[in-house]
Amino acid sequence: MAALRALVVYESMFGNTELIARAVAEGMSELLEAEPRNVATQPRADGQGYCALVVGGPTHAFGLSRAATRRSAAEQGATGPAETGVREWLAQYTSLAGTPAAAFDTRIGTPWPTGSAARSAQKRLRRLGCRILLPAEDFVVTGSTGPLRDGEPERARRWGRTLAEMIVATQPVG
Ligand SMILES: Cc1cc2nc3c(=O)[nH]c(=O)nc-3n(C[C@H](O)[C@H](O)[C@H](O)COP(=O)(O)O)c2cc1C
């Protein structure tokens, strides 16, 4: 059987979501091939033989980023690519029917609700017909520019490993 390959698409303005995406891909790589790709490189989710799609981005204004929030991040010193984000990338698809998928984000940890780009991405993945493997997961930054809260990359790695276990377990036999 050909090796299982999963696509991990991420958006990151200050680098924190990229660190999480790479940790998720590392955890997945314990069981299959996982390719972390910045959304700015316009990876294709369909027709490439991927066994699963994982999508992650920073929470901006309670959800997925928009051009204006990415510009605002750039004004705050972010160096990540601002032209496109997960919202726009997902919008190019009308169907990803049957694709096993999961979403994650980074956001500021506060006791009050701050919204979640992951839940917003998950909703979009569902609408495209994806099969959601694990509930949307939030990873916490200690401030707008980071850094990540202690232990979050390790937690992301474990989350990635769990995702990969689910992908492997649901592969058709024969
Ligand atoms: C314009 C803007 C809006 C933001 N809005 C929110 C928000 O609504 N809730 C939240 O938890 N964090 C918010 N944040 C903090 C981001 O989630 C944080 O910058 C991000 O997790 C860092 O990820 P990155 O390094 O990959 O860009 C916002 C940040 C920016 C720049």
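The structure described is a predicted model. An unreviewed UniProt entry lists residues 6-164 under "domain: Flavodoxin-like". That span is 33% helix and 21% strand, and its end C-alpha atoms lie 9 Å apart.

**Surroundings of the ligand**

- The shell around the ligand holds 24 residues, of which F14, N16, T17, R107 and T114 come nearest.
- By class, this shell consists of 15 polar, 8 nonpolar and 1 charged residues.
- At least two residues of the shell come from each of α1 (16-28), α2 (67-75) and β4 (100-108).

**Helix α1**

- The 13 residues of α1 should span 18 Å at 1.5 Å a residue, and this agrees with the 19 Å between its end C-alpha atoms.
- Helix α1 is mostly covered, since 10 of its 13 residues are buried.
- The buried residues in α1 are N16, T17, L19, I20, A21, A23, V24, A25, G27 and M28; N16 and T17 are also among the residues that come nearest to the ligand.
- Strands β1 (5-10), β2 (33-38), β3 (52-58), β4 and β6 (137-141) are included in what covers these buried residues, as is helix α5 (152-169).

**Nonpolar core**

- The largest nonpolar core comprises 44 residues, and A6, V8, V24, L53, V54 and A121 have the most contacts inside it.
- Two or more residues of this core are given by each of the strands β1, β3, β4 and β6 and the helices α1, α3, α4 and α5.
- Helix α1 contributes the most to this core, with 7 residues.
- V24, a buried residue of α1, is in contact with V8, V54, F104, A156, W159 and G160 when its neighbours within four places in sequence are left aside.

**Helix α4**

- In helix α4 (residues 117-127), the buried residues are A117, A118, S120, A121, Q122, R124 and L125.
- These buried residues pack against the strands β3, β4, β5 (131-132) and β6, and against helix α3 (86-91).
- A121, one of the buried residues of α4, is also among those with the most contacts inside the largest nonpolar core.
- Just after α4, G129 takes a positive phi of about 95°.

**Backbone features in loops**

- Most residues other than glycine have a negative phi, and most peptide bonds are trans.
- Q42, although not a glycine, has a positive phi of about 55°, and Q42 is found in the loop between β2 and β3.
- Q42 counts as exposed because it has 11 C-beta neighbours inside 10 Å, where the cut-off for an exposed residue is 12 or fewer.
- A61, in the loop between β3 and α2, also has a positive phi, with a value near 45°.
- A61 is partly exposed because 13 other C-beta atoms lie within 10 Å.
- The peptide bond that joins G146 and P147 is cis, with an omega of about -5°.
- P147 lies in the loop between β6 and α5.

How values were computed. Residues are numbered from 1 along each chain as its sequence is written. This is a predicted model: local features need pLDDT of at least 70, side-chain atom pairs count only at pLDDT 80 or more; totals for chains, interfaces and linings use all residues. A residue is near a molecule or strand if its C-beta atom, placed from the backbone, lies within 6 Å of it. Helices (H or I, at least four residues) and strands (E, at least two) are DSSP runs, numbered from the N terminus. Ala, Val, Leu, Ile, Met, Phe, Trp, Tyr, Cys and Pro count as nonpolar, Asp, Glu, Lys and Arg as charged, and the others, Gly among them, as polar. The expected span of a helix is 1.5 Å times one less than its number of residues. A residue is buried if 20 or more other C-beta atoms lie within 10 Å of its own, exposed if 12 or fewer, and partly exposed in between; C-beta atoms are placed from the backbone. Two residues are in contact if their C-beta atoms, placed from the backbone, lie within 7 Å. UniProt positions are given in the numbering used here, feature names are shortened, and annotations may be inferred rather than shown by experiment. A nonpolar core is a set of buried Ala, Val, Leu, Ile, Met, Phe, Trp, Tyr and Cys residues joined through C-beta atoms within 7 Å.
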